[in-house]
Number of protein chains: 2
Amino acid sequence: MKIVTLMGYVAGLFSSVGFMPQMIKGFVTKKVDDVALWQPILLTIGTTLWLIYGLMIMDMPIILANILSIICNFLVVIQKFMYKGRG
Amino acid sequence: MKIVTLMGYVAGLFSSVGFMPQMIKGFVTKKVDDVALWQPILLTIGTTLWLIYGLMIMDMPIILANILSIICNFLVVIQKFMYKGRG
């Protein structure tokens with residue numbers, strides 16, 4: 001594997017795993033009042049577009065990284081409505 | 001501009017602007033207790049690595065998108081320490 005591809009996978013690992021803590025914390029505490037609603041909404045759209053971009057240029061690090069990101073951000077959007085006003 | 005490059009810029013616009021709401025909300029409310037600390041830490045690292053990846057493959061959408069993302073996520077990390085226990 002080329003260094004550049006490896007770099008892409010490491011970057012992708014951090015930026016996709018990086019969307020997990022908020023999703024996990026939300027399900028554990030059921031408190032999401034301090035979380036900005038527009039953040040996971042815009043990021044769900046953004047990571048979906050990155051996934052499409054990755055498919056267009058057939059770049060595997062971009063494709064794989066964004067699949068997990070989409071799931072995590074979408075779940076945080078759901079939490080914002082599920083746990084509304086519980087904070 | 002090729003469609004694929006345009007797609008990359010639109011994706012980059014959403015995913016970089018998408019990191020702004022939490023940073024703005026944090027400075028306005030000064031309440032960040034529900035925000036997971038590890039999220040902005042991992043994403044600051046992740047987006048920095050994506051910036052390096054973008055520079056390695058000289059992909060402008062990836063480079064530009066990640067500069068704003070790094071700033072926003074880093075500021076959320078700072079907020080987590082500045083506003084600790086205020087919630």
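**Exercise 1.** State how A:Trp50 and A:Tyr53 are placed in their helix.

Solution. A:Trp50 and A:Tyr53 both belong to helix H3 (residues 38–56) of chain A and are 3 residues apart, so about one helical turn separates them. Helices here are DSSP runs (H or I, at least four residues), numbered from the N terminus. Both residues are buried, meaning under 20% relative accessible area with a 1.4 Å probe and protein chains only.

The model is predicted: local features need pLDDT of at least 70, side-chain atom pairs count only at pLDDT 80 or more, and totals for chains, interfaces and linings use all residues. Residues are numbered from 1 along each chain as its sequence is written, chains are lettered from A and ligands numbered from 1 in the order in which they are written, and side-chain values use heavy atoms, without hydrogens and water.

**Exercise 2.** Classify the ring pair of A:Phe19 and B:Phe19.

Solution. Rings of Phe, Tyr and Trp (its six-membered ring) pair if their centres lie within 6.5 Å; planes under 30 degrees apart count as stacked, over 60 as edge-to-face and the rest as tilted. The count over all chains is 3 aromatic pairs. For A:Phe19 and B:Phe19 the centres are 6.0 Å apart and the planes are at 5°, so this pair is stacked. A:Phe19 is buried at 4% relative accessibility, and B:Phe19 is buried with a relative accessible area of 4%.

**Exercise 3.** How many residues of chain A are in contact with chain B?

Solution. Contact means heavy atoms within 4.5 Å; 39 residues of chain A touch 39 residues of chain B in this sense.

Notes:
Buried means under 20% relative accessible area, exposed over 50%, partly exposed in between (1.4 Å probe, protein chains only). Helices (H or I, at least four residues) and strands (E, at least two) are DSSP runs, numbered from the N terminus.
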